[in-house]
Amino acid sequence: METRKIYFCASIRGGRADARLYEHIVKTLARFGKVLTEHVGDIKLDHTGEKSDDGAIHDRDLDWLRQADVVVAEVTQPSLGVGYELGHAYLMRKRTLCLFRPSSGRKLSAMIRGAADGERMLVADYVGQDDVEPVLERFFNTQPR
């Protein structure tokens, strides 16, 4: 059986206040398959992003997105890049889970919450790091109809 490929996206240039949470999510995701975007969980990566050409990052990430079997996004910290990736994932018909913490005081974009159909695109509200594992287990152990 081939290993599941997971594309994880979360804020980089939009802010890295949740970097430790991203690190935890990436480590937890590794239990369910190969995380193509492990670098997003690197706590040393700051808001300036990778030291690489923007065009190369764009092309590489879209290639990884095309390869992915599923997409998981932490969407609490608003990020133009994450929104862009989610739009592409939606058009590619990728099964996608968006993780959002209402306790942040933010309101999730209607374009994300409104796209959730409960099967291919899901939004899971959660409290914090301790909730990540059970939410991911439900996502990966539930097959869409």
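Visitor: What volume does the second largest pocket have, and what makes it a pocket?

Guide: The volume of the second largest pocket is about 200 Å³, the space filled by probe spheres set on grid points joined across faces, edges and corners. A pocket is an open set of points on a 1 Å grid over the protein atoms alone, where a 1.4 Å probe fits and protein lies on both sides within 12 Å along at least five of seven lines. This is a predicted model, in which local features need pLDDT of at least 70 and side-chain atom pairs pLDDT 80 or more, while totals for chains, interfaces and linings use all residues. Residues are numbered from 1 along each chain as its sequence is written, and side-chain values use heavy atoms, without hydrogens and water.

Visitor: Which residues line the second largest pocket closest to its centre?

Guide: Lining residues have an atom within 4 Å of a point. There are 15 here, and V75, P78, L108, S109 and I112 are the closest to the centre. Helix 3 gives the most, with three residues.

Visitor: How much space lies in the largest pocket, and which helix gives the most to its lining?

Guide: The largest pocket holds about 510 Å³. Its lining has 24 residues, with I12, I57, D61, G81 and E85 closest to the centre. Helix 2 gives the most to this lining, with seven residues.

Visitor: How do you know that the length of helix 2 agrees with its residue count?

Guide: Helices are DSSP runs of H or I with at least four residues, and strands are E runs of at least two. The expected span is 1.5 Å times one less than the number of residues. The 14 residues of helix 2 should therefore span 20 Å, and its end C-alpha atoms are 20 Å apart, so the two agree.

Visitor: Why are the buried residues of helix 2 said to line one face?

Guide: Buried means under 20% relative accessible area and exposed over 50%, with a 1.4 Å probe and protein chains only. I57, D61, L62 and L65 are buried in helix 2. Seen down the axis, they fall within an arc of 125°, so they line one face. They pack against strand 1, strand 3 and helix 3, contact being heavy atoms within 4.5 Å.

Visitor: Which residues of helix 5 are buried, and which are exposed on the face turned away?

Guide: V132, V135, L136, F139 and F140 are buried in helix 5. They fall within an arc of 125° and so line one face of the helix. The face turned away carries the exposed residues D130, R138 and N141.

Technical notes
The arc is that of the directions from the helix axis to the C-beta atoms.
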